[in-house]
Amino acid sequence: MSARRPAAVIVLAAGEGTRMKSRRSKVLHELCGRSMVGHVLAAAGELEPERLIVVVGHRREQVIEHLAEHAPDAEPVVQERQGGTGHAVRTVLERTGALAGTVVVTNGDHPLLRGATLAELVRTHEDEGNAATVLTTEVPDPTGYGRILRGPDGAVTAIVEHKDADDAQRAVHEINVGMYAFDGKLLAAALRQVTTDNAGGEEYLTDVPAILRAQGDRVGAHTVPDWVETQGVNDRVQLAQARRLLNERILLDHMRAGVTVVDPATTWVDVQVTVEPDVVLHPNTQLHGRTRLEEGAEVGPNATLTDTSVGAGAVVTNAVTVEAEIGPEASVGPYAYLRPGTVLAHKAKAGSYVELKNAVVGQGSKVPHLTYVGDAEIGQGSNVGAGSVFVNYDGVDKHRSVVGDHVKIGSDNMIVAPVTIGDGAYTAAGSVIVNDVPPGAMAVARGRQHNIPGWVERKRAGTPAAQAARRANDEAEQRPGPGES
């Protein structure tokens, strides 16, 4: 166990978040593939705390359900009334008892915070032997923030709110971020001294450092060099700003690891996406969920991939894929849609205006144009002609079709499942295949063409088509016949 493993990380996520103007809890709004509180929990998890506790209140049912699905190790603690940040932490300690060791308190609406920053906060706290350590940063415009005042030894002497600061104090640009590391036992004792003697009638966690200092304990600070990392989210505008900043951070990490991002301004990549070196991301590419791109793959422009794996050297352009597996050197698009359960093997192709669902396309096989393949398995080296449909639904149940190796399916075929087309077989253009086709056979399933002379002039008299037909027939009658001069 790490010597710096905290006793607990407490995440404050009980606020109402009225400025979001949403029926969803503020901390559940998403950016780059995770909820806000999910980002905070991921950062906190890097500390490997003995306990990870989330204080919930407003719309608690939503948050508790989210935690159960995405962060089952997190313990929800209900703050029945919104009594302030100090009250929230006291509510936790009333349930857990005093926690021996370092206790970190952070906020559920700070999705840009890095785990490394929390680790540095803990390290500073323990190295300096502080009773409390305040996370601070220097901002270009500190208006509205609590100022950090320090003594000659660097210890924090006071946190002065903007409205209470004098001109000299307002000139200070170091602010309180609102996150802390505490000695657990001293925190529990200090919280019992916090009062509600303030305009809001609430217990504020910001009072704790002053209480500890007044009793002779040292209060320190850890300063975050990049103030942008400390920004919280209170409304949809700030959410969009945080999303952009986080996406820029993600793309920078990928580019420095050997990924080419042609246009970072239009490329969006979620935090759990894996991209190997020499991948190329073209403009208007979105990679969501747990998508994985292997070395040398090329994606975009105008591609959206969700929970999709792309093999080495594969190309995906102008396509949408969901829970699909694209093999090495495979080709997808333009204008293709790969739905869940789709697997393209090595050098397989899903071409323009092709939709695949729960379908396996074997090595080197091609579905080039204007085709739907649902609930099917296609072997190696086969080709599906343009305009074909694998008819997989009978109105009640889905059925599966099997196409063998080196099969040639003609254009405009209907493959009515369940049916098996054997290795090396051919099907004629325009066929409706309802029965199995033996290996090496040619299946022809269409009516013989029958022409009805004069039908258009009789049934569509006066139309442009009828007039064109009359002119053509008159010209044909005036042309000399065989042997005539």
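In this predicted model, G86, V89, R90 and L93 of helix α3 meet L187, A188 and L191 of helix α6, where contact means heavy atoms within 4.5 Å. By class, this contact of α3 with α6 has five nonpolar, one polar and one charged residues, with Ala, Val, Leu, Ile, Met, Phe, Trp, Tyr, Cys and Pro counted as nonpolar, Asp, Glu, Lys and Arg as charged, and the others, Gly among them, as polar. Because the model is predicted, local features need pLDDT of at least 70 and side-chain atom pairs count only at pLDDT 80 or more, while totals for chains, interfaces and linings use all residues. Residues are numbered from 1 along each chain as its sequence is written, and side-chain values use heavy atoms, with hydrogens and water left out.

**The pair of helices**

- The axes of α3 (residues 85-96) and α6 (residues 184-191) come within 10 Å and cross at roughly 120°, which makes α3 oblique to α6; angles under 35 degrees count as roughly parallel, over 145 as roughly antiparallel, 65 to 115 as roughly perpendicular and the rest as oblique.
- These axes are lines fitted to C-alpha atoms, for helices over the stretch in contact, and the angles run from 0 to 180 degrees between N-to-C directions.
- The crossing in which α3 passes α6 is left-handed, a term for a near helix turned anticlockwise from the far one by less than a right angle.
- Helices (H or I, at least four residues) and strands (E, at least two) are DSSP runs, numbered from the N terminus.

**Positions annotated as a binding site**

- An unreviewed UniProt entry places the feature "binding site" at D109 and N234, and although these positions are spread over 126 residues of sequence, they cluster in space, with a largest C-alpha distance of 7.6 Å.
- Such annotations may be inferred rather than shown by experiment.
- D109 is found in the loop between β6 (102-107) and α4 (115-128), and at 13% relative accessibility D109 counts as buried, since buried means under 20% relative accessible area, exposed over 50% and partly exposed in between (1.4 Å probe, protein chains only).
- Leaving aside neighbours within four places in sequence, D109 is in contact with K26, V27, M36, Q231, G232, V233 and N234.

**The position annotated as an active site**

- The annotation "active site", again from an unreviewed UniProt entry, covers H369, a residue found in strand β28 (residues 366-378).
- With a relative accessibility of 38%, H369 counts as partly exposed.
- Apart from neighbours within four places in sequence, H369 is in contact with S352, Y353, V354, G385, A386 and G387.

**Other loop and strand residues**

- H162 lies in the loop between β9 (156-160) and α5 (167-170), and at 19% relative accessibility H162 counts as buried.
- Not counting residues up to four places away in sequence, H162 touches P142, T143, G144, Y145, G146, R147 and R170.
- G129, in the loop between α4 and β7 (132-138), counts as exposed at 56% relative accessibility, and G129 and D183, 54 residues apart in sequence, are 9.1 Å apart in space, C-alpha to C-alpha.
- E355, found in strand β27 (residues 349-361), is partly exposed with a relative accessible area of 27%, and leaving aside neighbours within four places in sequence E355 is in contact with Y337, R339, T371, Y372 and V373.
- The C-alpha atoms of E355 and K26, which are 329 residues apart along the chain, are separated by 37 Å.
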